[in-house]
Amino acid sequence: MKLTVWTYEGPPHVGAMRVASSMQGVHYVLHAPQGDTYADLLFTMIQRDGKRPPVTYTTFQARDLGGDTAELFKNAAREAVERFRPQALLVGSSCTAELIQDDPGGLAEALDLPIPVVPLELPSYSKRENWGAAETFYQIVRRLADRDVRPSPREGRRPCCNLLGATGLGFRHRDDVVEVTRLLASLGIEVALSAPMGAAPRDIARIGSADFNVLLYPEIGDVVAKWLEKTFHQPCVRTVPIGYGATRDFITEVARLAGVDPAPALAADPSRMPWWSRSIDSTYLTGKRVFVFGDSTHAIAAARVASEEMGFKLVGLGCYNREFARDIRTAAETYGVEALISDDYLEIEAKIAELQPELVLGTQMERHIAKRLGIACAVISAPVHVQDFPARYSPQMGFEGANVLFDSWVHPLVMGLEEHLLTMFRDDFEFNDAQGPSHIAASAPMPVEAARPITAATGPHLVWDSEAERELGKIPFFVRGKARRNTERFAAEQGVEIITIGTLYDAKSHYAR
Amino acid sequence: MSSAPVVQLPAPTGLCATPSIPRDILRERGQREVFCGLTGIIWLHRKIQDAFFLVVGSRTCAHLLQSAAGVMVFAEPRFGTAIMEERDLAGLADANEELDSIVEQLLQRRPDIKMLFLVGSCPSEVIKLDLSRAATRLSAKHLPRVRVLSYSGSGIETTFTQGEDACLASLVPTLPAAKPGAAGDLLIVGSLPDIVEDQFKRLFAQLGIGRVDFLPARQSVTLPTVGPDTVFLLAQPFLADTARALEQRGARHLPAAFPFGAEGTTLWLQAAADHFGIDPQHFRAVVAPGRERAIRAIARSRETLAGKRVFFFPDSQLEIPLARFLARELAMIPVEVGTPYLHVQHLAPEMDLLPADARLSEGQDVDRQLARCRAEKPDLVVCGLGLANPLEAEGISTKWSIELVFSPVHGFDQAGDLAELFARPLMRRELLRFGT
């Protein structure tokens with residue numbers, strides 16, 4: 001047993017859901033008790049999906065355990081196929097169903113369904129979400145890929161590739177796929193298939209028709225990339241194009257594999273990022289102490305950008321996914337920092353507190369840590385929250401991605417010229433660094449309303465009695481100001497001089513109208 | 001200040017333990033789009049301020065807790081999960097040892113904790129890890145500093161708010177016995193936000209009902225007493241086991257409608273007033289200001305909601321009282337009122353107030369229910385977070401039901417807020433324009 005307060009990764013079947021929900025034409029029948037449906041809201045709320053994830057939960061209860069939970073599974077699978085008419089069916093167990101050992105794969109096989117069934121064995125008590133996504137993707141490709149498909153002869157056609165690894169609930173995967181597709185188009189290369197995101201089982205069948213693969217997210221696509229290398233002899237581009245330099249390296253590597261000239265794409269470079277970083281306002285970025293934590297791929301990429309392209313000083317580097325610990329250790333050695341491999345939130349918090357960085361580049365978890373410690377933070381990696389799905393186009397990869405990185409990492413900091421002024425007026429009673437970045441209200445000190453004692457009313461002859469005042473104190477600070485103003489305005493209009501609890505609630509109901 | 005009530009509330013029919021109108025109830029089973037009982041920890045740990053909730057479960061349980069409410073706010077929250085691993089499944093003896101050492105570790109780290117709940121989950125129930133025995137063992141070790149209790153919040157046994165029921169029921173045997181012959185106490189059962197609790201306290205004091213206690217108490221060391229002279233009002237409709245446990249300790253339940261809206265709150269208070277023999281005229285005088293405020297405060301939402309058809313998916317068991325509030329005070333038309341579990345006895349006073357043609361459904365087969373919902377084309381759907389955006393995308397306005405559990409919605413002075421929760425999605429829809 002391991003005591004956990006917050007987790008970086010969900011169980012492996014959530015990884016399978018990420019794969020299923022980002023594909024077309026698949027349905028996942030999950031043998032699971034009531035409650036496991038919470039996972040739906042990850043997609044419908046965090047990602048704002050306008051449709052339910054394609055998952056049917058068998059919803060067994062305690063009273064079913066002595067009876068026939070297998071029958072429950074078979075009915076659910078049969079009905080799901082009739083109702084949703086998928087091209088392929090994924091079947092598996094959540095943590096509880098794993099214990100009752102009903103064997104969804106075997107049961108589904110026995111149903112003799114008219115579509116391919118992909119059984120998933122995802123051990124919940126030893127593996128996690130990213131592993132579950134990678135394994136699901138691998139089982140889908142292994143089961144559905146037509147082994148006889150090969151690329152057509154190269155003469156008279158453009159080179160083509162598969163993009164591997166993008167899924168739902170990934171950090172900006174949606175926009176990265178678009179950006180990398182554009183980048184490849186600028187090299188004259190077609191994307192035959194993006195998978196899992198956007199692919200249907202029928203597309204997966206033809207995965208062997210591409211000349212090579214581009215592995216965008218090793219956490220999810222590495223197993224498949226290796227299998228495709230072995231099975232179809234498709235070479236794989238492994239440079240992840242996050243950051244300006246990495247994007248140029250990516251172009252070079254892709255061009256070599258595809259047999260095209262990288263020069264026009266490199267020359268057409270539309271990125272503003274290098275100039276923004278060289279311009280003098282950015283001088284103040286120099287040597288800012290930065291702590292980087294996330295999944296291994298995003299953390300390693302961020303470390304490079306932070307130290308080479310932003311001129312920050314890397315003070316810590318880590319990841320939560322042990323499967324890629326070796327890569328993080330190698331990178332940490334390059335930068336002369338200690339690698340932190342952990343998914344213990346409290347340990348990471350302690351490390352950040354100890355290192356006292358000026359900027360944290362992390363996940364949503366580190367955003368909370370940084371907020372509490374009063375440190376600026378930008379999010380660079382999953383686990384994600386609703387704000388990591390911006391309405392605007394906001395990739396991390398490619399040249400546009402590099403622009404996005406510059407903006408989003410600099411935004412939480414005090415602006416260059418402003419920092420300069422703050423240094424000059426360090427002891428000024430109004431304009432000092434306790435004020436925080438002027439453009440971010442959220443990091444400003446407590447609003448005056450919350451800070452000032454609540455005894456004195458703002459009106460000319462108004463007094464709050466002590467009970468009413470205590471009641472006002474119970475109202476959350478972010479609406480307390482409004483409640484105070486409304487109550488006092490109401491009291492003044494009514495000619496009330498002493499504000500009681502009654503006045504407070506009379507005012508509340510008055511303004512509710 | 002007082003003005004004539006905008007809404008004339010129909011006189012309620014008698015409050016009895018079985019509904020006087022027989023109803024057909026559609027009972028379904030299939031896929032349920034409802035949280036499990038673990039979710040209650042999210043509000044219970046805020047309410048009982050010196051308690052820690054330790055789920056003994058899987059990574060899924062931990063992930064549920066942090067995803068369900070987006071509660072990643074506290075560095076070290078007063079809840080956590082002892083995540084079982086493969087070797088825990090191999091031998092129960094080892095699992096118990098592991099649990100003991102985790103509790104040891106936890107209590108050392110958190111000296112502020114006075115009460116520890118071991119919360120059972122689906123996996124712990126399936127492997128038959130006996131948490132009540134573990135709680136007894138650990139209590140013996142850690143009392144008097146920490147009392148260890150256990151309950152199950154597992155999805156195979158509990159839905160969503162039943163977790164609170166199980167938690168409170170586990171507290172009942174620990175309540176001190178009331179002194180025999182002492183003046184009868186009133187116990188309010190079900191966790192309420194502090195501000196609402198204080199409002200009710202003031203009302204009971206004005207009524208002249210002296211000793212009023214709340215379960216759960218804000219501090220686990222100041223638990224209310226219970227005995228044959230105790231009477232209790234349920235503040236929430238999902239407390240079947242807790243009520244039974246209190247009755248076993250001799251306490252008596254006062255059947256009442258639940259305190260939502262002007263009418264519900266009046267009826268609820270009246271059940272107590274009648275029991276304590278409060279003079280009806282005094283009762284009316286005490287209740288009138290709050291009741292009028294409530295009626296005034298809901299008037300604006302009533303303009304938006306009157307005549308609109310509402311469809312409830314099952315979620316918190318609050319559905320029937322809320323549908324009653326919407327039907328009688330806001331003139332909405334409940335089309336279907338789904339509830340995960342229907343406690344006919346506790347809900348009898350509510351069911352009598354609900355329009356006779358509202359369809360009641362218990363349990364869920366979500367795909368069938370969605371088909372009914374689409375066919376009905378309601379103006380507003382009350383549903384969980386997994387369904388809300390997909391229905392909005394189909395053009396159906398929704399109110400996500402979890403807010404009804406997490407926000408202060410009980411009592412006179414929250415009636416306006418409660419009404420507005422339902423009105424806001426419709427007002428927003430009216431407000432938005434994206435050109436032609």
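Helix contact in chain B

Author: In chain B, G261(B), A262(B), E263(B) and G264(B) of α10(B) meet P321(B), F325(B), R328(B) and E329(B) of α12(B). Contact means C-beta atoms, placed from the backbone, within 7 Å; helices are DSSP runs of H or I, at least four residues, and strands runs of E, at least two, numbered from the N terminus.

Reader: What do the residues of the contact of α10(B) with α12(B) divide into?

Author: Three nonpolar, two polar and three charged.

Reader: At what angle do the axes of α10 and α12 of chain B cross?

Author: Roughly 120 degrees, and the axes come within 8 Å. The two helices, α10(B) and α12(B), are therefore oblique to each other. Oblique is what remains after under 35 degrees (roughly parallel), over 145 (roughly antiparallel) and 65 to 115 (roughly perpendicular).

Reader: Where do the numbering and the model come from?

Author: Residues are numbered from 1 along each chain as its sequence is written, and chains are lettered from A in the order in which they are written. This is a predicted model, where local features need pLDDT of at least 70 and side-chain atom pairs count only at pLDDT 80 or more, while totals for chains, interfaces and linings use all residues.

Reader: How many helices and strands in chain B?

Author: 17 helices and 14 strands.

Reader: What does chain B span?

Author: About 65 × 60 × 40 Å along the principal axes of its C-alpha trace.

Reader: How much of chain B is buried?

Author: 54% of its 436 residues, buried being 20 or more other C-beta atoms within 10 Å of a residue's own, with C-beta atoms placed from the backbone.

Technical notes: Buried ≥ 20, exposed ≤ 12 C-beta atoms within 10 Å, placed from the backbone. Axes fitted to C-alpha atoms, helices over the stretch in contact; angles between N-to-C directions. Contact = placed C-beta atoms within 7 Å. Nonpolar A, V, L, I, M, F, W, Y, C, P; charged D, E, K, R; others polar.
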